[in-house]
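I opened a new entry today. My notes follow the display.

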Amino acid sequence: MSERTDVSTASSSSDVTTNGLRGVRPDRDALTGVATGKRGRRRDGKRNGQRDGAPTVPAAEFTSYYGMPVINKPVWSSLDIAGYLFLGGLAGAASLLGAGAQATGRPALDRVSKAGAFGAGALSLVGLVHDLGKPSRFLHMLRVFKVTSPMSVGSWLLAGYVPLAGIAAASSVFGKAPRIGMAATAGSALIGPAVASYTAALISDTAVPAWHDGYPEMPFVFVGSGAAAAGGLGLLAAPLTQSGPARAMAVFGASTELVSFERMERRIGMTAEPYSQGRGGAYVRAGKVLSVLGVAAALLGRRNRVVSALSGAALLASSAATRWGIFHAGMQSANDPKYTIIPQRDRSKGER
Amino acid sequence: MAPVDIQIGRRPNLEGALLGDTDPATQGGYSEHPPRMGFFTDTSVCIGCKACEVACKEWNAIPEDGLVFTGMSMDNSQGLGASTWRHVAFIEQRKPIAAQDPGIRHDTDVLALAGQGSGTPPDQAAMTPTTPGADGEFRWLMASDVCKHCTHAACLDVCPTGSLFRTEFGTVVVQEDICNGCGYCIPACPYGVIDQRKGDGRAWKCTLCYDRLSVGQEPACAKSCPTNSIQFGPLDELRERADARLARLHEAGVADARLYGRDPDDGVGGDGAFFLLLDEPEVYGLPPDPVVTTRDLPSMWKHVAAAAVTLVGGALAAFAAGRRI
């Protein structure tokens with residue numbers, strides 16, 4: 001970089017003459033509006049830059065650059081990533097249900113839960129790999145371990161979880177190698193809760209307003225949603241004599257999800273709007289309705305196999321709808337600059 | 001600036017890794033490194049020529065980023081993205097241009113003096129060439145935006161492959177042979193800088209011309225800027241220069257001038273590329289008070305752990321209650 005002379009007199013010292021440019025070009029030291037000595041007095045007698053008590057332009061509530069979003073929205077596809085959130089929750093909670101079923105002697109619930117956990121876990125992994133811009137490089141996820149990256153943590157969790165869930169499911173379904181199966185069941189039940197909950201940190205650890213602001217409640221929404229889905233799977237596929245814990249799990253999960261979601265929406269204020277508006281809002285509402293219906297059917301129809309199965313299906317659908325709703329609400333909050341600008345503006349005003 | 005020997009030591013400490021004023025290269029594990037380099041983009045002298053956009057594209061061999069007419073003043077590149085690493089924003093405002101005054105007073109109507117020779121008499125005309133407009137009520141802001149190379153960079157924190165890394169100059173760069181296109185860095189950036197290139201799948205952004213810096217040259221955009229609106233140098237020096245510039249502008253009556261991203265105590269620990277703006281940041285499409293999302297990550301992990309424990313508790317309770325329902 002070239003050194004430049006300090007031009008204290010700035011623009012007034014340069015002049016275009018017949019012999020070319022005289023004086024020094026103002027360059028980076030050019031000042032806005034000191035072209036003449038008459039600076040500072042306007043036609044109306046007001047001094048320039050001076051305000052009559054009130055600002056010249058009334059303080060707008062919200063300005064943006066041509067309404068363009070401030071942040072770049074996620075490039076994730078809803079099928080892959082919303083699906084991944086749903087399946088991860090289902091898998092993690094189902095592993096707990098499977099381990100409990102094995103410990104309390106409920107072989108049908110054991111089989112269903114473990115097979116469901118492995119299927120969901122494996123499918124979620126497929127979604128994750130499919131969503132990569134360069135799927136052939138998915139193993140690069142395991143180059144490093146970074147606690148500052150929930151996706152790195154999650155990749156390692158899944159790398160440990162899916163094989164264990166697979167061994168546990170195979171052992172249970174085919175009735176082979178009970179000891180190895182037991183160890184794998186214990187392992188998957190240990191990692192399962194982390195698989196079900198870490199995805200909340202995954203989406204909250206972004207600048208997406210609706211996701212980031214909800215970070216304290218989001219993990220509870222997610223484990224609740226996962227438990228409701230796993231309970232729903234048990235109700236759908238296990239006989240009435242063995243589905244008691246699944247029913248209880250579903251009620252626990254759905255109520256945790258509903259209560260945490262409600263708390264989140266109330267606390268975060270305006271950035272919660274997308275959870276009740278547009279596509280995201282429609283999915284969230286569908287999730288809530290299905291959840292309430294599912295719980296009601298699970299409790300009232302506990303002696304009826306068909307009603308139980310329907311309640312299970314409703315709870316699975318509710319969990320999926322909630323995840324899709326959260327996914328789309330996040331996209332909506334990223335797309336509209338007001339969700340980025342207004343809360344930040346309010347925050348910086350509060351600090352002043 | 002000569003190429004510098006770089007020594008990579010052990011990661012110093014986790015304190016300061018997520019918060020506050022710190023030296024990012026030292027945090028990144030360089031025991032000896034050159035001073036932190038950055039940009040000071042002084043938008044008050046930007047003339048909107050887009051030489052920076054062009055130079056950046058040429059030097060970095062960036063593909064075309066969409067040939068569209070947006071109607072957004074002279075801005076057709078719209079914002080930073082995978083194939084737009086410098087973006088010049090154009091804002092047209094019905095606001096007085098600070099204290100600018102051409103110093104011309106039309107006290108004498110020269111046309112009237114010239115007599116009523118032809119055409120509409122000036123006093124009957126709706127407008128003549130010398131009709132004064134509303135007094136200075138128009139201004140055109142231009143600003144060249146770029147990756148901020150944050151002290152605490154969310155994109156780098158959340159990258160699961162280690163593709164994004166901190167250079168010895170304290171800047172943040174993507175290693176394109178490592179990036180697997182997971183896309184996590186994209187929503188993590190509070191400024192909307194990094195993005196995925198369609199058809200390529202990987203994430204791309206400004207490297208602060210890491211290749212040029214490594215051989216002692218300044219980045220292409222700064223090199224090409226005809227007004228020195230884009231200034232490149234050691235960050236400490238740029239901050240001093242910016243403070244002096246701000247003081248001069250304030251003195252000259254440009255009360256709206258402000259520095260953006262200069263404060264090391266802001267939500268991202270200060271930007272490696274900071275700006276002098278003439279209006280609120282959001283007018284230029286910049287977030288007014290950005291915070292690195294990973295600042296809250298320790299708390300996020302605590303809530304995740306609590307939720308996982310809740311799930312285990314719920315499962316245990318479900319089996320305890322399972323006999324009854």
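**Helix α1 of chain A**

I checked the length of helix α1 (residues 78-103) of chain A: its 26 residues at 1.5 Å a residue should span 38 Å, and its end C-alpha atoms are 37 Å apart, which agrees. The expected span is 1.5 Å times one less than the number of residues. Helices here are DSSP runs of H or I, at least four residues, and strands are runs of E, at least two, numbered from the N terminus.

I am reading a predicted model, where local features need pLDDT of at least 70, side-chain atom pairs count only at pLDDT 80 or more, and totals for chains, interfaces and linings use all residues. Residues are numbered from 1 along each chain as its sequence is written, and chains are lettered from A and ligands numbered from 1 in the order in which they are written.

I found a kink of about 25° in α1(A), centred on Tyr84(A). The bend is the angle between axes fitted to the seven residues ending there and the seven starting there. Just after α1(A), Gly105(A) has a positive phi of about 70°.

Is α1(A) mostly covered or uncovered? I counted 22 of its 26 residues as buried, so it is mostly covered (buried: 20 or more other C-beta atoms, placed from the backbone, within 10 Å of the residue's own).

**Chain B against chain A**

I looked at the contact next: 82 residues of chain B touch 89 residues of chain A (contact: C-beta atoms, placed from the backbone, within 7 Å). On the chain B side, α9(B) gives the largest share, 16 residues.

Note on methods: A residue is buried if 20 or more other C-beta atoms lie within 10 Å of its own, exposed if 12 or fewer, and partly exposed in between; C-beta atoms are placed from the backbone. Two residues are in contact if their C-beta atoms, placed from the backbone, lie within 7 Å.
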